[in-house]
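Colleague: I would like to learn how to read a model like this one, feature by feature. Could we go through it together?

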Amino acid sequence: MSNIASIKKTKEIMEYFNLNTKKAFGQNFIIDSNIINNIVKKAGLDKDTNVIEIGPGIGALSQFLARECHQLLCIEIDQRLEEVLKYSLSEFTNIKVIFDDFLKIDISKIVKEYFNDNRRLVVVANLPYYITTPILIKLFETSHETKISSIYAMMQKEVGLRLNAHINTKEYNSLSILTNYYTDTKIVMKIPKAIFIPQPQVDSVVVEFIFKNNEYQLLDKELFFNLIRLMFSQRRKTILNNLNNIINDKEATIKILTDLKLNVQLRPENLSIDNYIALSNYLKEHKYYD
Ligand code: SAM
């Protein structure tokens, strides 16, 4: 089939299947083949790379991915798209589509079942914007099992900026730290809203996430993630206030921060990932958290 990513072809397929886009599933289909080509190039695909695509829609991106990669596994929530994808991707023998909610499936098990070779595994997706963060968190947290090496994900511009935010900026938050813990990230493309049907309200970006061989010496991951979430839950307050909400002893809290050479007047956005790791390890070592 010719490229699905054009206004003409997309409309033709949607009319043929009497399909309307579902807002509840974050459906904005790409209609620009050049943009897709660039995304696929950024992902550096070849026949030694397997790919997972979350949300194939009517197959515009999937078609380009399948042409370049070894095996493509798509996970799509919308059952209505089953007959559409069967038609639009019929020429490919290297695609499998699972119809399920990505947030509910056991992705580690599926990866083990489907990709039983040692090829590089990457995720490429135009994400449903309403669940961008939970999808990324799931990919991060299962990465030690799935061995995914990188993610190329299209998302709302503001979310992309937050994920890439630097210390001491207003965008820097617990998600920036979480992302930085697992991956090296970079915004690799800016995407105008005009290249989608229907057109979303906001511009998008493509973010590259390359998983790190984790070098951080973290004693308790759960404590660390709870800590950053709690510290940023009141980002205008000082770290003294926020930490004291966890410790419930002001003198002890001052001692912890002083021992770590952290000024009590700092705000959560003034602490680096290394500062949070040191703080988390201190709480673990001094048995503030079991
Ligand atoms: N890849 C297509 C494209 O670029 O034209 C469609 C992208 S559209 C922004 C997001 C896709 O994710 C839709 O097909 C939608 O049905 C699917 N989706 C939404 N929620 C999902 C979920 N929880 N699990 C899997 N797919 C989901």
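**Reading the model**

Modeller: Of the 290 residues in the protein, 52% are buried, where buried means under 20% relative accessible area, exposed over 50%, and partly exposed in between, with a 1.4 Å probe and protein chains only. This is a predicted model, in which local features need pLDDT of at least 70 and side-chain atom pairs count only at pLDDT 80 or more, while totals for chains, interfaces and linings use all residues. Residues are numbered from 1 along each chain as its sequence is written, and side-chain values use heavy atoms, with hydrogens and water left out.

Colleague: How many helices and strands does the protein have?

Modeller: Helices (H or I, at least four residues) and strands (E, at least two) are DSSP runs, numbered from the N terminus. The protein has 13 helices and nine strands.

Colleague: Which domains does the domain assignment give?

Modeller: Domain bounds come from an automatic or database domain assignment, and for this protein they give domain 1 (7-211) and domain 2 (221-285). The centres of the two domains, taken over C-alpha atoms, are separated by 35 Å. Twelve residues from domain 1 and 14 residues from domain 2 take part in the contact, a word that stands for heavy atoms within 4.5 Å.

Colleague: How much area do domain 1 and domain 2 bury between them?

Modeller: Buried area is the accessible area (1.4 Å probe) that two parts lose on being put together, summed over both. Here domain 1 and domain 2 bury about 1,100 Å², with 66% of it on carbon and sulfur atoms. On the side of domain 1, the residues that lose the most area to domain 2 are Y172, I177 and Y181, which together make up 42% of what that side buries.

Colleague: How many salt bridges are counted between domain 1 and domain 2?

Modeller: A salt bridge is a side-chain nitrogen of Lys or Arg within 4 Å of a carboxyl oxygen of Asp or Glu, and between domain 1 and domain 2 the count is zero.
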